[in-house]
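The sequence and the structure are shown below.

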Amino acid sequence: MQFSSNKTNSSFSSECLNKRLQQYSSKSSTCLVSLAPLSNIFHKISNNMYFSFWWVFTYYLRPIIKWFLRKTTGLCELQRICYGEVSGAPRVKAVEQSLNSSRSKQIRQLIDHLNDIAENRRFTGANEREILKGAVSTVLIVKKINPKIHYQFVIAFGKCVEQIWGYKQLLAEVEQLRQAQFDSDDLNHERKLYELWENLMPNEKLEGRITRQWQDIGFQGEDPKTDFRGMGMLGLENLLFFATEYKAPAQHVLSHSMHPTYGYCFAIVGINLTSMALSLLRDGSAKTYLYNASRSLPTIRLFHYFYSFLFYEFDRFWMECKPKDIMEFSSVRDKFEKNLRNSLLNSRMEFRIALNVENV
Amino acid sequence: MGLLSILRKLTSTPERELRLLLLGLDNAGKTTILKILASEDITSITPTAGFNIKSVISDGFKLNVWDIGGQRKIRPYWKNYFENTDILIYVVDSADKKRLEETGIELYELLSDDKLNNVPLLVYANKQDLPDSLSASDLAQALNLPSIKDRTWQIQACTAAQGIGVREGMEWVCKSIKKK
């Protein structure tokens with residue numbers, strides 16, 4: 001798997017704070033930020049016999065440490081994260097963790113409110129700025145932060161809110177697309193199917209709607225409509241995006257899929273990878289990718305990019321594994337998913353398709 | 001896991017392991033049946049590339065269920081999974097009349113294989129919820145199942161997507177194993 005970790009430590013600076021405070025806050029923030037994943041582990045352990053000890057720690061000790069740091073640094077936890085963590089996934093995840101473990105009534109209400117907006121996909125266009133403004137000012141009031149002094153916090157925190165609830169909204173959108181079944185009577189669906197063929201096989205004409213040719217691009221039979229199954233239109237949209245936005249790489253992958261020994265069914269494997277991408281999105285593993293790749297409100301395109309990355313990398317992994325035949329698919333897929341999940345654990349990782357010149 | 005179940009595990013004899021083979025054309029519903037048996041979510045199913053395997057404890061048996069992809073390209077690999085099979089489960093999409101002949105040909109191909117000699121056969125007449133799907137008895141006639149004399153067989157109507165009928169089929173499986 002190809003990745004580059006080219007994130008640099010963004011400055012802790014807030015120009016209006018003097019240098020000493022800066023150093024102080026950066027030190028304290030690193031120690032405090034590390035509390036967030038710790039409390040996560042404690043939470044998991046709390047299910048078994050160590051229950052009471054960890055529970056006491058997270059419930060009583062964490063607030064005490066937070067209070068102590070707040071008094072000594074003059075910054076609340078969210079500020080310490082926004083100034084101390086590098087932008088992208090490390091910062092957004094830490095802010096998310098901090099907000100979720102907040103016991104302030106107003107913050108909890110804010111979270112519920114934002115969740116509701118994201119689930120109903122109302123976090124768009126003109127709404128977005130209003131919602132962000134409301135969220136930021138709520139936190140400013142609750143945490144008694146002066147926006148004139150901490151204007152950098154206002155910007156950084158707003159971006160985090162945009163990413164956190166943009167992700168949730170994206171999940172809702174993706175689920176909706178998955179539930180939309182492929183419908184042969186829907187001209188739009190049919191058009192997309194033809195487009196997929198034209199992009200993958202530009203030099204070959206489709207003889208008809210029901211034809212064995214579909215098997216050339218890895219569908220199971222003569223009519224692809226039954227192959228999308230539980231992935232619905234999401235499966236087709238994913239494939240179509242990969243085939244159009246990454247035309248050359250997609251054709252390169254398709255040519256691998258026709259290999260006499262290492263060949264596989266392009267479309268079927270693609271639909272299985274949609275399922276993998278979706279499960280990574282659902283359980284939050286995809287946050288590393290999305291939070292690092294996204295500079296504004298995450299959209300469905302970002303999910304398609306994630307999918308395209310998965311497909312390209314899976315193909316490479318498959319060819320490297322030199323499987324005996326397609327029957328090894330599930331074991332190769334599981335290995336691939338395990339590696340991917342390991343890479344996604346590192347919040348600083350950035351993923352992109354590594355295109356070799358000879359492939360393009 | 002509670003203390004009781006751990007104790008029970010320690011004291012009871014280990015379950016007998018059975019190998020179940022789940023075959024049929026693509027889009028017949030094999031993976032859905034597998035997931036129903038394992039009590040898993042069936043909303044996110046994808047076409048099977050290769051195979052899936054799950055172990056289910058049922059009626060004192062440990063059932064290792066092999067679900068092999070049904071598309072034409074994969075069918076030549078089916079025979080690699082025949083060895084030591086205790087029960088053959090064949091799934092048919094009862095509403096897919098166009099491919100009734102194809103599914104029959106594949107079934108009799110299986111039955112004629114030496115490695116599957118005498119292996120009891122369970123046919124699931126799946127997708128009973130679809131309009132103009134064949135009933136289990138009509139499907140049995142269409143597939144000429146009564147002509148099978150060399151093994152015990154059973155046909156079971158089911159709608160796997162709603163979890164209907166799958167359990168009844170498995171009850172027959174456990175019963176016919178005990179008789180053996």
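## A charged group in chain A

A:Arg178 and A:Glu175 are about one helical turn apart, because they stand 3 residues from each other in helix 8 (residues 151-179) of chain A. Helices (H or I, at least four residues) and strands (E, at least two) are DSSP runs, numbered from the N terminus. The two residues form a salt bridge whose closest N and O atoms are 3.2 Å apart; the term denotes a side-chain nitrogen of Lys or Arg within 4 Å of a carboxyl oxygen of Asp or Glu. Both A:Arg178 and A:Glu175 are buried, where buried means under 20% relative accessible area, exposed over 50%, and partly exposed in between (1.4 Å probe, protein chains only).

A:Glu175 also forms a salt bridge with A:Arg282, with 2.5 Å between the closest N and O atoms. A:Glu175 belongs to helix 8 of chain A and A:Arg282 to helix 12 (residues 266-282) of chain A, so this pair ties together parts that are 107 residues apart in sequence. The relative accessible area of A:Glu175 is 16%, which means that the residue is buried. A:Arg282 is partly exposed because its relative accessible area is 36%.

## Basis of the model

The model is predicted: local features need pLDDT of at least 70, side-chain atom pairs count only at pLDDT 80 or more, and totals for chains, interfaces and linings use all residues. Residues are numbered from 1 along each chain as its sequence is written, chains are lettered from A and ligands numbered from 1 in the order in which they are written, and side-chain values use heavy atoms, with hydrogens and water left out.

## Salt bridges in chain B

Over all chains, the structure holds 29 salt bridges. Side chains of opposite charge can pair when their charged atoms come close. In chain B, B:Arg99 forms a salt bridge with B:Asp96, and the closest N and O atoms are 2.8 Å apart. B:Arg99 is partly exposed, as its relative accessible area is 21%. Through salt bridges that share partners, B:Asp26, B:Arg72, B:Arg75, B:Asp96, B:Arg99, B:Glu102 and B:Glu106 are joined into one network.

## Overall features of chain A

Chain A has 15 helices and 2 strands. Of its 360 residues, 54% count as buried. Among contacts in chain A (heavy atoms within 4.5 Å) between residues at least 6 apart in sequence, 71% join residues at least 24 apart.

Helix 4 (residues 77-84) of chain A is mostly covered, with 8 of its 8 residues buried. These are A:Glu77, A:Leu78, A:Gln79, A:Arg80, A:Ile81, A:Cys82, A:Tyr83 and A:Gly84.

## Cysteines

The structure holds 0 disulfides over all chains, a disulfide being a pair of cysteine sulfur atoms within 2.5 Å. A:Cys76 is in no disulfide, and the nearest cysteine sulfur, that of A:Cys82, lies 8.3 Å away. A:Cys76 counts as buried, at 3% relative accessibility.

B:Cys158 is likewise in no disulfide; the nearest cysteine sulfur belongs to B:Cys174 and is 16 Å away. With 1% relative accessibility, B:Cys158 counts as buried.

## Two polar residues

B:Asn52 lies in strand 2 (residues 51-58) of chain B. Its side chain makes a polar contact of 3.4 Å with the side chain of B:Thr48. A polar contact is a pair of N or O atoms within 3.5 Å; within protein, one must be able to donate a hydrogen and the other to accept it, and residues adjacent in sequence count only if both atoms are side-chain atoms. Leaving aside neighbours within four places in sequence, B:Asn52 is in contact with B:Thr31, B:Leu34, B:Val65, B:Trp66 and B:Asp67.

A:Arg316 is found in helix 14 (residues 300-321) of chain A and counts as partly exposed at 22% relative accessibility. The side chains of A:Arg316 and A:Glu313 are joined by a polar contact of 3.1 Å.

## Interface between the chains

Between chain B and chain A, 17 residues of chain B are in contact with 21 residues of chain A. The buried area is about 1900 Å², of which carbon and sulfur atoms give 53%; this area is the accessible area (1.4 Å probe) that two parts lose on being put together, summed over both.

Between chain B and chain A there are 0 salt bridges and 6 residue pairs in polar contact (both at pLDDT 80 or more). The side of chain B that touches chain A has 8 nonpolar, 6 polar and 3 charged residues. In this classification, Ala, Val, Leu, Ile, Met, Phe, Trp, Tyr, Cys and Pro count as nonpolar, Asp, Glu, Lys and Arg as charged, and the others, Gly among them, as polar.
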